[in-house]
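Hi,

Here is the structure I promised you. Have a look at it first, then read my notes below.

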Amino acid sequence: MGHDPWSELRDVAEGVRRSIETALHVTTPGTLEEAPEGRGLFALATHPWAKALKASPGDIASRAARVRPAPPFEPLRAEGPYINFQVNPASFSELVLASVRLMGDRYGTSPARTERVLLEHTSVNPTGPLHVGRARNPLLGDSLGRLLRYAGHPVQREYYVNDIGKQMVLLYWAVTNLKPTPEDEAEERVERRYVRLYQRANALLEKDPALGKEIESLIDRFEGGDGQLTRAIRAVGDGVLHRIVAVLTRLGITFDSFFWESDLILDGSVHRVIERLLPLSKEEDGAHYLDLSGFGLEGDAAKYFFVTRRGTSLYTTRDLAYHLRKMERCDRAINVLGEDQKLSFQRLKATFQLMGIDWAPETIYYAFVSLPEGRMSTRKGIVVYVDDLIDEAIERAFAEVSRRRADLSEPRRRAIAETIGLGALRYNIVRVQAEKAITFRWEDALNFEGNSAPFLQYAHARACSILAKAGDLSPGEPRLLLHPQEQRLLRWIAKFPSTVRDAADSRRVHVVASFASDFASQFNQFYRDCPVLTAEPPALRDARASLVDAARIVLHNGLDCLGVTAPREM
RNA sequence: GCUCGGGUCGCCUAGCAUGGAUAGGGCACCCGCCUCCUAAGCGGGUUAUCUGGGGUUCGAAUCCCCACCCGAGCGCCA
């Protein structure tokens, strides 16, 4: 018995489907779909064959149902125009629980694959605190990384640190030249102190052309390979980066590597890219660009500048250099990007084609998170910072835990509150498909009921509570698990591994969130209908306990894919 | 204007790549359930002809075309 009972059963059913088609003498293959619950595991619609067979779908279904399916499937059933594939319930229980027993706590993972994935996510400029608008990136990226690992890929999670460019240089200038006010100094968090200086520098820049020149000359020195200046600027960025990473760590998000943009200048990568691109380029006022028309781009969108009039590189140039380097380090690169990056990436991919490179990074785009007041903007003060959000979430969760569980000690309640608060945040962002714009609302982000992480965590805690009381597990007799609610739960357990793998393959994290929510709902219904501890005979009690343990593993791992911790008690 | 996304109950959302059995969930609202493994739960009720219009098809939320609305982009910025 393997790791993925659903796919195994599906394979058997596909064989039956082919036998049906042979028996019916039809040439167009039908599509096996999942049957609605209560009508078996799989279903085959007969409509497509009606014309060729000159018969009604109902008649075809009854005729097809005479085909004898392979075990563990029971005799086929014709219901209207459908042929339904039902498994023997006792065999189904046995099969599913055998898979879970085989995999143990790793149930849901797929066998190792060889394709090495380099997953770049977050990559926010280290110029200020992380706000919720940007946070969708690490949340999505980290979950995707987890998912890919469940699906068997070796994954390297990388943060590309944009420590070059006007923004960064301006921040450096502000930090080294502006005198902090007492309010600035009162702010303990570096990134928040810096952002205040940065905002002031920005205002100065708008009024003072001389400052603009100064910034430009700093950029030129930087680009020219001034190592001392580079180190100084990087130190400023590093200070902010540490804080960003610290906030992400609170959310359970970590990285395997950091790639500094400035290294691409220092090691000559940028220079080499420019050399390589120059022969392919056109010139305009001393600046160079690639004409990308014919790659699905036209007009201004097709002009891809990579050298400025002043001879310096651009963000895009370095990005090209970066991805050229990435190519050498993995089989597949996946980037999680804001939708505002679409055009630049389309150009990057086109450029690769122009260069004759038969490789391109894969991109996952997400829409922005805005506030009811509008798009998030640090400058306009329309912003919610992630660390504030985390604090608020944990505080609210603590109030809830304290209200419900006065019996627990305070440290215990604090620990649970952290799990719940953090979980609620992550889940809330990741449950929605990435392309959909989100309006951030506190009441949604801190929702602890319904379709929320605490709902799933609660189901997990319930399972753990039963298991704690059940004591040592013996497998019992799985063939006794014939209650409709047990069978439904088994079905959801069976689907878990293939759901995770499909979600990873299609890079759709929210699929796992939906699954986990439906799963928890199934578990709660089972919990209502099937008492475990008092079940008789003991073989049933033990089998139910094993079922609960299997559900516990699915809940735990489903949550784990989303980066949410599953508490044993709450 | 052009390009790319999105438009599903009052609000949020799944389903759309592989078109099929009454379009699932959640929130909110109303009713009910703790001598029984944690009520952050469960059951029931009210709520959508899936933005609009054409088309393809035995069959369309799903595919195609047109229109409308919202978001993003169209820098020698990052």
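In this predicted model, a backbone N or O atom of A301 sits 3.5 Å from a sugar or linking oxygen of RNA strand B.

Two notes on the bookkeeping. Residues are numbered from 1 along each chain as its sequence is written, while chains are lettered from A and ligands numbered from 1 in the order in which they are written. Local features need pLDDT of at least 70, side-chain atom pairs count only at pLDDT 80 or more, and totals for chains, interfaces and linings use all residues; side-chain values use heavy atoms, with hydrogens and water left out.

Now the wider RNA surface. There are 67 residues around RNA strand B, and Y82, R309, K436, Y458 and S465 come nearest (a residue is near a strand if one of its heavy atoms lies within 4 Å of it). On the RNA side, 65% of the atoms within 4 Å of the protein belong to sugar or phosphate, and the rest to bases. Sorted by class, the protein surface there has 27 nonpolar, 15 polar and 25 charged residues. (Ala, Val, Leu, Ile, Met, Phe, Trp, Tyr, Cys and Pro count as nonpolar, Asp, Glu, Lys and Arg as charged, and the others, Gly among them, as polar.)

Which helix gives the most to the surface near RNA strand B? That is α18, with eight residues. Other elements that each supply at least two residues include β4 (82-85), α13 (315-329) and α20 (510-529). (Helices are DSSP runs of H or I with at least four residues, strands are runs of E with at least two, and both are numbered from the N terminus.)

Next, the domains. The assignment for chain A gives domain 1 (5-87) and domain 2 (386-561); such bounds come from an automatic or database domain assignment. Their centres, taken over C-alpha atoms, are 34 Å apart. Nine residues of domain 1 are in contact with nine residues of domain 2, where contact means heavy atoms within 4.5 Å. The area buried between the two domains is about 710 Å², and carbon and sulfur atoms give 49% of it. (Buried area is the accessible area, with a 1.4 Å probe, that two parts lose on being put together, summed over both.) P5, W6 and E37 supply 67% of what domain 1 buries against domain 2, more than any other three residues.

How many salt bridges cross the interface of domain 1 and domain 2? The rule finds two, a salt bridge being a side-chain nitrogen of Lys or Arg within 4 Å of a carboxyl oxygen of Asp or Glu. Between these domains there are also five residue pairs in polar contact, both residues being at pLDDT 80 or more. Helix α1 (residues 5-24) gives the largest share of the side of domain 1 that touches domain 2, with three residues.

Across the whole structure, the search finds 51 salt bridges. One of them joins R17 and E21, whose closest N and O atoms are 2.9 Å apart. These two are four residues apart in helix α1, so about one helical turn separates them.

A few backbone details to look up as well:

- P71 and P72 are joined by a cis peptide bond, with omega about 10°; P72 is in the loop between α3 (57-64) and β3 (77-79).
- E536 and P537 are also joined by a cis peptide bond, with omega about -5°; P537 is in the loop between α20 and α21 (538-561).
- S123 has a phi near 45°, a positive value in a residue other than glycine, and lies in the loop between β5 (117-120) and α5 (132-150).

Cheers

Definitions and conventions
Polar contact = N/O pair within 3.5 Å; in protein donor to acceptor, adjacent residues only side chain to side chain.
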